[in-house]
Number of protein chains: 2
Amino acid sequence: MGRAPTDTKQKLIDTARELIWGESYNAVSVDDICKKSDVKKGSFYHYFPSKAHLALETMDACMEETKLKYDDIFSPTRPPLERFELMARHVIEQQKEISKELGHVCGCPFATLGSELAAQDKEIGEKISNICAKKAAYYESALRDLVAEGAIASDTDVEVKANEIFAFIIGHLIMARIKNDLSFVEKNLERALLNLIGIK
Amino acid sequence: MGRAPTDTKQKLIDTARELIWGESYNAVSVDDICKKSDVKKGSFYHYFPSKAHLALETMDACMEETKLKYDDIFSPTRPPLERFELMARHVIEQQKEISKELGHVCGCPFATLGSELAAQDKEIGEKISNICAKKAAYYESALRDLVAEGAIASDTDVEVKANEIFAFIIGHLIMARIKNDLSFVEKNLERALLNLIGIK
DNA sequence: AATATATTTGACTAATCAGTCAAGTATTAT
DNA sequence: ATAATACTTGACTGATTAGTCAAATATATT
């Protein structure tokens with residue numbers, strides 16, 4: 001018994017991703033998201049208890065997608081150096097795609113939202129904090145494999161280095177978003193990343 | 001003839017700096033800023049034609065302060081390596097101060113506002129873009145002096161490296177803001193920075 | 001004291017904000 | 001067909017939003 005589920009919730013999440021990533025959380029209203037999704041406000045609040053909860057679920061959806069991609073890129077079947085090369089290229093390709101789609105360089109959705117809301121909404125801040133830690137874990141594992149290979153110094157503090165790499169990348173992406181210009185990242189990220197890692 | 005100028009405008013800028021840096025542009029209202037400054041709304045619009053113009057002038061004020069500090073830190077009378085060391089320590093001290101004052105790690109005000117508004121307000125995006133370029137110019141000049149000293153490789157692309165340093169720092173500060181935790185930056189920034197610069 | 005100018009005030013829009021709710025509709029299992 | 005359930009609708013609230021404006025006030029010069 002009961003009605004079959006619809007794609008309304010997913011539509012709202014997809015639209016939220018577009019609008020919030022493309023602008024910002026506080027600049028986008030629930031009405032904006034509803035209008036663009038062609039969903040009435042009553043339906044919105046049938047699926048989400050609040051705007052903040054939509055943001056939380058949107059971040060979950062983004063991270064699920066990232067996980068699929070990163071599980072492949074950082075697969076232990078690959079040489080660890082190749083993992084970083086692939087990731088750098090993936091970041092660039094993703095940014096090119098999104099900037100074409102949304103008309104503006106958007107950077108990292110987690111960093112952008114996290115920076116905006118960390119001081120405003122504790123729950124969102126913590127969620128994004130966790131997501132960042134998960135991303136750094138991919139780097140840390142690949143770094144450990146690089147140490148095992150003898151490709152980087154054996155006394156490398158892989159946890160610290162992983163966080164440096166993460167900060168380095170989101171720093172570049174924030175700059176690209178501010179300048180609305182991807183060219184620096186396109187030209188330099190991959191090489192600069194390998195240099196930061198400290199390949200012998 | 002005429003009335004003497006008051007400190008009302010400055011009060012509004014100071015409050016805007018606190019509130020916008022501590023929360024975000026879109027989360028803070030003109031009413032919030034007026035109330036905290038103990039200034040009526042009519043006065044606000046006597047000094048600023050719009051909320052965006054207040055943000056622009058607030059960024060100018062921040063940059064003026066930064067310039068005073070950086071002109072000292074990056075004075076050509078100092079050994080270039082010392083400039084970077086001093087800057088790293090200054091960033092940490094400033095963050096500790098502000099987080100104590102505002103109750104939250106706040107990161108770089110330019111990066112935070114720029115990331116939030118780059119896609120929303122072109123004028124603010126461009127202003128912050130310029131400010132970032134000015135900061136990178138300090139690094140570039142110090143890097144050139146390091147090359148002249150033979151402290152880093154003579155084929156270093158100082159312009160690229162300066163932008164990498166800038167991205168590296170704001171990446172760390174965004175992370176600290178998201179996590180509301182300065183400890184990683186405190187422990188690692190200075191050493192990581194010197195490593196990134198590539199001191200021989 | 002008169003005047004010119006800068007500043008301040010408070011009441012005022014009109015639009016938008018997040019969120020509510022009761023009633024209506026669609027769909028599925030029985 | 002009926003009943004159970006999930007989904008949708010549209011009108012609603014009360015608060016808040018950025019911004020306006022004419023009148024009042026303060027002060028420095030003459």
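Q: How many helices and how many strands does the secondary structure of chain A come to?
A: Read along the sequence, chain A follows the pattern α-α-α-α-α-α-α-α-α, and its C-alpha atoms fill a box of roughly 60 × 45 × 30 Å along the principal axes. In this predicted model, the secondary structure of chain A comes to nine helices and zero strands.

Q: Are helix 1 of chain A and helix 4 of chain A roughly parallel or roughly perpendicular to each other?
A: The axes of helix 1 (residues 8-22) and helix 4 (residues 51-73) of chain A come within 9 Å and cross at roughly 90 degrees. Since angles from 65 to 115 degrees count as roughly perpendicular, helix 1 of chain A and helix 4 of chain A are therefore roughly perpendicular.

Q: How do the residues of the contact of helix 1 of chain A with helix 4 of chain A divide into nonpolar, polar and charged?
A: Helix 1 of chain A brings Leu12(A), Ile13(A), Ala16(A), Arg17(A) and Ile20(A) to this contact, and among the residues that helix 4 of chain A brings are Leu54(A), Glu57(A) and Thr58(A). By class, the residues of this contact divide into eight nonpolar, one polar and two charged.

Q: Why is helix 7 of chain A oblique to helix 8 of chain A?
A: The crossing of helix 7 and helix 8 of chain A is right-handed. Their axes come within 8 Å and cross at roughly 125 degrees. That angle makes helix 7 of chain A oblique to helix 8 of chain A, because angles from 65 to 115 degrees count as roughly perpendicular and those over 145 as roughly antiparallel, while the rest, apart from those under 35, count as oblique.

Q: How many charged residues are in the contact of helix 7 of chain A with helix 8 of chain A?
A: Among the residues that meet here are Lys135(A), Glu140(A) and Arg144(A) in helix 7 of chain A, with Glu159(A) and Lys161(A) in helix 8 of chain A. The residues of this contact divide into nine nonpolar, one polar and, as the class asked for, five charged.

Q: Which helix of chain A gives the most to the side of chain A that touches chain B?
A: In the model, 37 residues of chain A are in contact with 37 residues of chain B. The elements that give two or more residues to this side of chain A are helix 6 (109-117), helix 7 (122-149), helix 8 (158-179) and helix 9 (183-197) of chain A. By class, this side has 16 nonpolar, 16 polar and five charged residues. With 13 residues, the element that gives the most is helix 8 of chain A.

Q: What relation holds between chain A and chain B?
A: Chain A can be laid on chain B with an RMSD of 0.0 Å by a turn of 180 degrees and a shift of 0.0 Å along the axis. This is therefore the relation of a two-fold axis.

Q: Which element gives the most to the surface near DNA strand C?
A: DNA strand C is surrounded by 25 residues, the closest being Ala4(A), Ser29(A), Gly42(A), Gly42(B) and His46(B). Two or more residues come from each of helix 2 (30-37) and helix 3 (41-47) of chain A and helix 3 (41-47) of chain B. The residues of this surface divide into seven nonpolar, ten polar and eight charged. With four residues, the element that gives the most is helix 3 of chain B.

How values were computed. Residues numbered from 1 in each chain as written. Chains lettered and ligands numbered in written order. Predicted model: local features only at pLDDT ≥ 70, side-chain atom pairs only at ≥ 80, totals over all residues. Contact = placed C-beta atoms within 7 Å. Nonpolar A, V, L, I, M, F, W, Y, C, P; charged D, E, K, R; others polar. Axes fitted to C-alpha atoms, helices over the stretch in contact; angles between N-to-C directions. Left-handed = near helix turned anticlockwise from the far one by under 90°. Near = placed C-beta within 6 Å. Least-squares fit on C-alpha atoms with pLDDT ≥ 70 in both.
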